[in-house]
Structure formats: structure tokens, C-alpha cells
Amino acid sequence: MAEIGYTMMCEQTPARQLVEDVATAERVGFDYAVISDHYFPWLEEMGHSPYAWSVLGAAAQATRRLPLMTYVTCPIMRYHPAVVAQKAATMGALSEGRFTLGLGAGENLNEHVVGQGWPSADTRHAMFTEAVQIIRELFEGDYVTYRGEYFDVDSAKLYDRPEQPMKLAIAASGGRSGNIAAEYGDALVATDPDAELVRAFADEGGAGKPVYGQLPICYDPDPEAARERAHRLWRWSAAGWKVMAELPGPVNFAAYAETVRPEDVAAKVPCGADVDAVVEAVRAYTDAGFTHVALVQIGHEHQGMFFDWSEKELLPALRRL
């Protein structure tokens, strides 16, 4: 049986509500929680993007049992990897070992803000490999000095770490990123239920490690209202990762999505109150070898009714998967 997670979606939710929501997610029975780490929302209509690490610190205090994870943090531009390692180690200590650092090579949308341009995919993967190596070394607790092609570290050391070893989950879509995940990650993160990616991860050394996926849904007793909201707030996702990594701002995603229809979004996002539709969507992940699936409820004003539905109907049905 897969573990079912809850997503704190920073791009659509005010900071205080994110903390309140994750406490509710723990109460109603979700198995873990992940948080997005963005500077911008995907679309202006989403309207929010608080600093994920401040929210995580509050979430660690608002919860008691729920594992927490970034989904995902980019350690190659907006944050230096040595700073990411310190933030993650502090979160591990605050949460008493409940934190996993999820890492990925990032998107132009969030990283361009530091004014260093947006490197090619090959360069980003090389930068990402160096960053992961630095973070791994710092997690060991010794002094680290590193001289790389892209990053330098001068005698850094983490003084506050959890008693348990820190864990890394690495996002991949195949090819080079999949190899990096298998070599350096304690878990794989993927956006689509891609059985081939999971098999490749296992073959390259990731056999037996957790595999994390994410499923957007739009719960509403009124299916038409759900479809309208999903299209309004989620039409950006039709771009696919090769496009999503390159566009620089919400206005660009809006321009791309002008031709995306409500039925296009609803074909990929379960909309309405049909428990079976969500179960089957989650089953696509479990059949592909995923061990964890985090749900995203679209629309921050609708989290309360989503939690009620999840507690009474959805989570019991998913437990029977």
C-alpha cells in the first residue's frame, strides 16, 4: 500500500494557512506532507508564494508525527548548496528527524531572480551534481572544503543536525537526472507515473528505495465548479517539464496556456467528488512502482472541504488500494 501525502502548495496558499493546513492534514490521517519551494506562482491567478523554509519551521512545530519534505528545492542558483544543507539540517533537528530534503535542478521561473541567467540543461545537471555532492558531505558533520567547476566551499561545517542521518530525495525525469538520483539519492521524486523511469532507477542502484509521486486533484461537490477551478489555476501544467523548466514568469505560462481547454486539464486532474476516479489515478502510480503519492488540492479556499472529504471518504478508500 502506498503512503498518501498532502501537498502544501506555496504557489496558491498564504503562509499562515499552509501551517494550519498541514496540522489538519496530520489530524485527518495523511501519512506525510511535502511543500513546494518557489519564488513565483505558476500563474498570477494563484496569487501567493511565501518562503517555504519559514513555513517548514512553523510546520515542524505545528505537527508531531508527520514526515515533512521539500518537493523540491533547487540548490544551484537561488540557494548555494552549503546554505541548503544548513537549512535542511536545521529542519531535521527541529522536526526530530522527520524531514527529508527533496532536491531538483529547478526552473527558470524561480531561479532567474538572482540575475545570473538560466543555464542549459546539461550545465544545470553538472551544477546539480556538484551541489548534491557538497550537501552529502556536509550532512556527515565534518568540515568541508570543496573546489568545483561551479561551486566552492571554504571550511564549512553543520553544527546542528538531527540524531538520525539526513535523507535526500532527488527529482528526475530520465536520462542524466535519473542517473544522479540513483547514485546520490535515498529516494526518487517524479511527477508522472512513469514505470520505465522507476525501473531505470532501480537498475542503476535505487532498488528498494522509496519513489515519490504527486497527483493534483480538484475536489468539489459540483463537478463543473471543480473543472472551472482546475482550468483557471492549473492550466499551466499542460506545458510538460521541458517547457515548464524554461519559461521565466507567470505571464509566459499564461500565454502558453491560452489554448489549453478545461477538458484538457480535467483529462489529467480528477475533478469533482468521485472517490473512484482519484483511487484509479493513484493506482496508476502504485502500478508503476511508486511507494508514496502526495495529493494536491487545487484552490486554497477549498482545503477545508477537501479535508472533510478526505477523512470520511477518500483516505479510507485509498487505504484499500
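This is a guided tour of one protein chain, moving from the whole model to single residues.

**Before selecting anything**

The model is predicted, so local features need pLDDT of at least 70 and side-chain atom pairs count only at pLDDT 80 or more, while totals for chains, interfaces and linings use all residues. Residues are numbered from 1 along each chain as its sequence is written, and side-chain values use heavy atoms, with hydrogens and water left out.

**Stop 1: the whole chain**

Show the protein chain as a cartoon. It has 13 helices and 11 strands. Here helices (H or I, at least four residues) and strands (E, at least two) are DSSP runs, numbered from the N terminus.

Along its principal axes, the C-alpha trace spans about 60 × 40 × 40 Å.

Switch to a surface view. The accessible surface of the protein chain comes to about 13600 Å², and 48% of it belongs to carbon and sulfur atoms. Areas come from the Shrake-Rupley method with a 1.4 Å probe; for residues, only the protein chains shown count as cover.

Of the 321 residues, 55% are buried. Buried means under 20% relative accessible area, exposed means over 50%, and partly exposed lies in between (1.4 Å probe, protein chains only).

Contacts between residues at least 6 apart in sequence can be split by separation: 73% of them join residues at least 24 apart. Contact means heavy atoms within 4.5 Å.

**Stop 2: the cores**

Select Phe30, Leu68, Leu101, Leu295 and Phe306. In the largest nonpolar core, which has 83 residues, these touch the most other members. Helix α5 (residues 121–139) gives the most to this core, with eight residues. A nonpolar core is a set of buried Ala, Val, Leu, Ile, Met, Phe, Trp, Tyr and Cys residues joined through side-chain atoms within 4.5 Å.

Another core, of 22 residues, lies apart from the largest one; Ala226, Trp236, Val260 and Ile298 are among its members.

**Stop 3: Leu68 and Met8**

Select Leu68, in strand β3 (residues 68–70). Leu68 counts as buried because its relative accessibility is 1%. Beyond its neighbours within four places in sequence, Leu68 is in contact with residues including Met8, Val22, Ala33, Met91 and Phe99.

Go on to Met8, in strand β1 (residues 3–8). Met8 is also counted as buried, at 1% relative accessibility. Residues up to four places away in sequence aside, Met8 touches Leu18, Val22, Ala33, Val34, Ile35, Ser36, Val55 and Leu68. Draw a distance from Met8 to Leu18: they are 10 residues apart in sequence and 5.9 Å apart in space, C-alpha to C-alpha.

**Stop 4**

Select Phe306, in helix α13 (residues 303–319). Its relative accessibility is 0%, so Phe306 counts as buried. Not counting residues up to four places away in sequence, Phe306 touches Tyr6, Phe30, Ile217, Tyr219, Leu295, Gln297 and Leu314. Phe306 and Asp220 are 86 residues apart in sequence and 7.8 Å apart in space, C-alpha to C-alpha.

Next, select Val282 in helix α12 (residues 275–287). Val282 has 0% relative accessibility and therefore counts as buried. With neighbours within four places in sequence left aside, Val282 is in contact with Ile4, Leu215, Val293, Leu295, Leu318 and Leu321. Val282 and Thr259 are 23 residues apart in sequence and 28 Å apart in space, C-alpha to C-alpha.

**Stop 5: backbone details**

Show the backbone atoms of Tyr71 and Val72. The peptide bond from Tyr71 to Val72 is cis, with omega near -10°. Val72 is in the loop between β3 and α3 (81–94).

Select Glu96, in the loop between α3 and β4 (99–103). Although not a glycine, Glu96 has a positive phi of about 55°. Glu96 is exposed, with a relative accessible area of 67%.

Finish at Ser155, in strand β6 (residues 152–156). Phi of Ser155 is near 50°, a positive value in a residue other than glycine. Ser155 counts as partly exposed, at 42% relative accessibility.
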